[in-house]
Amino acid sequence: MSSERAPATGSEIQAATAGTETPATECTSRSTAPPGAIPRSDRPPSVRLSLHNEEALGESPASVRFPKLTAEGRAALGIRDDDALSEGPASVRFPKLTPDGLAALGMRGEEEPLAEAPQSVRFPKLTPEGRAALGMREDDLAEGPPSVRFPRLTPDGRAALGLREDDLAEGPPSVRFPKLTPDGRAALGLREDEALGEGPPSVRFPRLTPEGRTALGLREDDLGEGPPSVRFPRLSPEGRAALGMREDDLGEGPPSVRFPTRLPTDLRPPIPSDIPPPDFTEPPPSVRFQRVSGEAGPGYRLKEGACAIALLVGDRWHTPCGIVRLSPAAVWFTPSDGFMPRLGTRVSAFLLSSKGAVGPLQGTVVSIDATGPAGGMLLGIQFTSVPRQVGRTILHLLQELHALGLAELARSLSRVREQIDDTSRIRAVVRALINAGGEGLVVGAEVPVKAEKLDLRTEQTRIVWDSPREWGAPPYIIDMGGYNSIHRIHVPSVEVDAEGRTLTPMPTRIERVRHRWFRRCKVRRSITVSYRHPLWPEVTVSARPVIDISFAGISFEVDMDNDLVFPGLEMMDIELRVENEPPLFIHGEVRYVVPARNGAPARCGLKVAPRSPKDDGPWMRLVSQELHTTTQNGTETPESVWGLLQQSGYFNLSGKSPDHFEPMKKSFIEFGTRAAAAPRIICQAVWPSERGIEASLSAAKVYAGSWLVHQLAKRPGRAPGVAHTRQILRDIYLRAFEYPQLDPAFQWAIAFIDGEVSWSMAHVDFAKPYLEQGLSAIEPFRLREAQSADWGDLATDEHFDVGQAAHFEIAWLLDELARNHSQAYLESLDFVPERFDLAETARLWKEAGMSRERMVFTARRAGVPLAAAIVEVGETGTNLFRLLDCVRLYVLRPGGEATFVQLLNEARMFYRSKGKSSFAYIQQHADGDHVERSKLNDLGPGNYWAISAQILPEFLEHVYELTAIGRYKPKPGKE
């Protein structure tokens, strides 16, 4: 690519002046010329120009700066006096030349206008005679116009330049032109000391004759088109001297002389064999045009032969082409008969199907890509000004094709699939689904059913179903909704017993499929949608009932004939009304449209977001109230949460007593008050009841992409109106863990889990299968408590230089961590170079009026680091076991454990300077000697636990199952 150049300075810009119109004539000896100038008749053809007198220069190119011309120069170039050569838009076209001018330039006989000018080509400095011939001032020509194509030369011109007879070949971009022979210089009017500057990107280089090679000092190999990091040919000593080069070889060129694999203006398709086979599970890049149809692509993907398109370009028809994707807004198809238009080409299109032709449709080519079927080309056309009736016809056609199985949603919704064939797991899932309501649908027969209970009276466990009619022929697949997934239950048979109950055996296999990141739920209140159609503003949709909702989507009832919605349609202004509350506004993109069936209305699903910042709060409250009917945000009631911690027994964990935590009450309540105003970094889920808060679980953004979930507490006994305490645990987990999903930077959910609490096995068991995939981390540790006022006992020979780590020591520490820990562990704790300083996290906490920071201390002997302490500080009151005020020790060289006591003493001094009375030491080393000498309290074993945000929905599905069957008996723990 050619390197960019700085804008021209004021001295380089010459404004053209307008004058009276002067006919263009051929340059003659009457023109003004400096003394010693070559007579006009003796000038080489390259500097003798003749133009039609009626032809003015057209649109001038961007970034080229032409000098002012004298009156003689204007006449020589055939320019009208009122035509200023100022800086203009791109795509300049040079004037047509007269036959004499064509002959002078060595061009073919027909009047062929010069094509567009080259990009960033540098024009040579001309001799005084050449300047006088062109009527130029003494200053140099600035950067030239983009994409010029050089004319073909006459035999005489070729001989003067030492060229062969074959056409000009494509040359490398940004290459430097060699110096020419004296004869070539004279032909071009160049000074003896001036070399041609940097060449244009798409200039075509000639193949040189042996004489030309000798003049340029080249070897026998050609200067053809090369790969991106081409090496230039070695030059002879004479050639190096001519080009002013050093003796060392030209190695790999800098970025400005690298060959592009494909020029931006080159529309030729790449070689099909070089193109990876397309993956149609996701739309190719060419169909992800925001201006066409957002992320969803153009409506529907069509099967081969379902529909075709015929195109009229200019006055030429192109044979029907197979359509790949289609909507009323755009079409993507594979071209036939060699049709390959340019971007921006205007076309007329007719859609052809068994129902007849639809059209004409006016459109513009917006995409050319080599991602079509079988590696072919894929062209995209965006329709313009489609009449509403034509749009309705296209939608009816697509609906018919979809019903026949010839069309499907163009955007393949992301899916997570899990095959469940373990007998105990199948039983657990079935129990969870029954407890969640048990509603399902028999696939194929479209019979709505409800799983009522498990029949355990016989040797073989069976499922009792409520069904309005027969299911048809076996086998059967029943779709049932779970937490955030569809469970496809496979059963071999069905029977009706003497009591009229519909019974099936337990399934042998369950397939779990998840389409969404956020959980949806059916709305409880009356919520309606209204909007004006973005393509046909005359279509106004009012008060369509909303069916379900999530933080990122809604679905609502539609009228298929009149609402004219289709996948990929972007709606920028949607009004939501909730009963008697003020309206709020969202924008979104249609993801799917489902026709009416079995008495259920047609519905449309959208991916949505608040339209403006002022709609964020109302939208969040609306969705939270619908999703979480039993839980609330508890950051506004810190006193009540403190009371819950007392009653739940949280303050008695790890051998402590409520008196130990009493000094922290004030900071805890102050923190809760500030946290209510910092929803970007703090969330506290509470489960209220008539007797107060029943349970609480907190979440805090403690690293750039990691949210810590901690301080789980539950009041003893059964809450009023609750069937089972497992429901409370489930609801509190869903609210606390779903909240971080709203953070765009969310990457990891982390926790410090008490190793003596049985409920922790729900976390560990889930994470283990994902360890090898790098989606989870489990690191055992022992939690210790250190008082800042204490001091560890040092041995007489333990005197190390301890201080803040230097940059190279931090790099050393990070290398050591990378060798001994998983990437999930490092990423979740920000133990990576780009985020190690916690700068972004500290900024967020500082904006909320709270602190968060990290320091590193190293212990050295003779200047060599032996061990390091990573010391972190959090806002007092965030975690009552001070898990954010924590120290981790790591060995850098053998024997580094001997420095641990002194490093902990350094940490004590640091925490005292921060006003911290105590801190947590997360011990990950088996050596216990330094623990005893450092006077640390043992708080018990634990596990550092982290799971990727990618599998958080699966974890919540896991919790959903476990809390339904009660496999684990939870009790309060310091999570």
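Hi everyone, let me start with the charged pairs: the count comes to 47 salt bridges, where a salt bridge is a side-chain nitrogen of Lys or Arg within 4 Å of a carboxyl oxygen of Asp or Glu. Before I go on, please keep in mind that this is a predicted model, in which local features need pLDDT of at least 70, side-chain atom pairs count only at pLDDT 80 or more, and totals for chains, interfaces and linings use all residues. Residues are numbered from 1 along each chain as its sequence is written, and side-chain values use heavy atoms, with hydrogens and water left out.

Let's walk through some of those pairs. In one of them, the side chains of Glu-400 and Lys-355 meet with N to O at 3.5 Å. Glu-400 lies in helix 9 and Lys-355 in the loop between strand 7 and strand 8, so this pair ties together parts that are 45 residues apart in sequence. Helices here are DSSP runs of H or I with at least four residues, strands are runs of E with at least two, and both are numbered from the N terminus. Lys-355 counts as exposed because its relative accessibility is 61%, while Glu-400, at 38%, counts as partly exposed. The cut-offs are under 20% relative accessible area for buried, over 50% for exposed, and partly exposed in between, with a 1.4 Å probe and protein chains only.

The next pair is Arg-425 with Glu-961, whose closest N and O atoms are 2.9 Å apart.

Now to two polar side chains. Asp-563 sits in the loop between strand 23 (553-557) and strand 24 (570-578), and it counts as buried because its relative accessibility is 2%. Its side chain makes a polar contact of 2.8 Å with the side chain of Arg-544. A polar contact is a pair of N or O atoms within 3.5 Å; within protein, one must be able to donate a hydrogen and the other to accept it, and residues adjacent in sequence count only if both atoms are side-chain atoms. Not counting residues up to four places away in sequence, Asp-563 touches Tyr-531, His-533, Val-541, Arg-544 and Val-558, contact meaning heavy atoms within 4.5 Å.

Ser-348, in strand 7 (residues 346-353), is buried too, with a relative accessible area of 14%. What joins its side chain to that of Gln-362? A polar contact of 2.9 Å does. Leaving aside neighbours within four places in sequence, Ser-348 is in contact with Ala-310, Leu-311, Leu-312, Leu-361 and Gln-362.

A few words on the backbone. A cis peptide bond joins Gly-359 and Pro-360, with omega about 0°, and Pro-360 belongs to strand 8 (residues 356-369). Another cis peptide bond joins Pro-474 and Pro-475, with omega about -5°; Pro-475 is in the loop between strand 14 (462-466) and strand 15 (476-481).

There are also positive phi values to look at. Ser-385 is not a glycine, yet its phi is about 55°; it lies in the loop between strand 9 (378-383) and helix 9 (388-403) and is exposed at 74% relative accessibility. Lys-935, also not a glycine, has a phi of about 60°. You'll find Lys-935 in the loop between helix 21 (929-933) and strand 38 (937-948), partly exposed at 41%.

And the cysteines? The structure holds zero disulfides, a disulfide being a pair of cysteine sulfur atoms within 2.5 Å. Cys-521 is buried at 13% relative accessibility, and Cys-683 is buried at 4%. Thanks, everyone, and I'm happy to take questions.
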